[in-house]
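Have the viewer open as you read.

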Amino acid sequence: MQKKIFVTGAVYDLAALSLANVQQQVKLSLDKLTGGRVQFQIQQVSNNELELTFHRGFSYPPTIGQNSIYELDADIITGFGLPNFNLPDRFYIPCNGFSRIFDFYVPISEFLQSYKKSARVLKASRAKNIQLDIQPTYIKMRLTF
C-alpha cells in the first residue's frame, strides 16, 4: 500500500514500513501514553482499506450514545498527550463545569474533522472515508483511501 497514515502521534509510510513494523512502533507510543494498558492491531482489509484496532485494558460503559467518542479514545487514536507531540487541530471538548471530574466525550463529527485536519497538516494521505466502531473494550477505526 502506497499510503501514509496518521496514528498515535506519528505518520507512518506504508510503502517503506511493513504493517508489523507499524504495529510495533504504535505499540511503543501507546505504552508511553497509557502505561501499557492498550493493545494495538493493524490489518489490511483490502487494497485501499486498513483497520486499526485499539484494545483497551479496561471497559467503558456504553452510555455515551452512537454519536460520541470518549476523549481518552480520541487521545489514544491521535496520540495527544505524548511527549514532543502536538496535535495540529485539537478537537473541542464540551465543558460541563466539572472539568476533569467526569469522563469527557467528543462528538464523533468533531473528532473526525480534527483527525482529518491534523492528518493533512502532518502530511498523511487523505482518507476518503473513516468509520469508527466503538465498543466497551475496544475501538476500531477503518480507513478507506
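## Leu30 and its surroundings

Keep in mind that this is a predicted model. Leaving aside neighbours within four places in sequence, Leu30 is in contact with Thr8, Gly35, Gly36, Val38, Phe40, Phe54 and Ile76. Leu30 itself sits in helix H1, and its relative accessibility is 0%, so it counts as buried. Take Phe40 from that list of contacts: Leu30 and Phe40 are 10 residues apart in sequence, and their C-alpha atoms are 8.1 Å apart in space.

## The four-stranded sheet

Now for the sheet. It is an open one of four strands, in the order E3-E4-E8-E7, and the pairing is antiparallel. Strand E3 (38-46) and strand E7 (129-134) are the edge strands, each pairing on one side only. On average, neighbouring strands here are turned by 15° against each other, direction ignored.

How many bridges join E3 to strand E4? Eight, with E3 and E4 (residues 49-56) running antiparallel. Val38 has Arg56 in E4 as its bridge partner, while Gln44 stands opposite Leu50 in E4. The two strands form a hairpin, with two residues between them. As a reminder for reading any such strand, in a regular one the side chains alternate between the two faces of the sheet.

## Helices on the sheet

Back to the sheet's strands E3 and E4, which run antiparallel. Helix H1 (residues 19-34) packs on the sheet by touching E3 and E4, and its direction makes about 150° with that of E3. Helix H3 (residues 108-121) packs on the sheet too, touching E7 and strand E8 (138-144); the direction of H3 makes about 135° with that of E7.

## A closer look at H3

Which residues of H3 are buried? They are Ile108, Phe111, Leu112, Ser114, Tyr115, Ser118 and Ala119. These cover an arc of only 160° around the axis, which means they lie on the same side of H3. The general rule is handy here: an α-helix has 3.6 residues a turn, so residues three or four places apart point the same way. On the other side of H3, Ser109 and Val121 are exposed.

And what do the buried residues of H3 pack against? Strand E1 (4-7), strand E5 (68-70), H2, strand E6 (105-107), E7 and E8. Just after H3, Lys123 takes a positive phi of about 75°.

## Thr78 in H2

Last stop: Thr78, which is in helix H2 (residues 71-78). Is Thr78 buried or exposed? Its relative accessibility is 1%, so Thr78 counts as buried. Not counting residues up to four places away in sequence, Thr78 touches Phe6, Thr8, Gly9, Phe85, Leu87, Phe91, Phe111 and Tyr115. Two of these, Phe111 and Tyr115, are among the buried residues of H3.

The side chain of Thr78 also has a polar atom 3.3 Å from the backbone nitrogen of Phe80.

How values were computed:
Residues numbered from 1 in each chain as written. Predicted model: local features only at pLDDT ≥ 70, side-chain atom pairs only at ≥ 80, totals over all residues. Heavy atoms only, no water. Buried < 20%, exposed > 50% of the residue type's maximum accessible area, 1.4 Å probe, protein only. Polar contact = N/O pair within 3.5 Å; in protein donor to acceptor, adjacent residues only side chain to side chain. Contact = heavy atoms within 4.5 Å. Pairing = 2+ DSSP bridges. Axes fitted to C-alpha atoms, helices over the stretch in contact; angles between N-to-C directions. Arc of directions from axis to C-beta.
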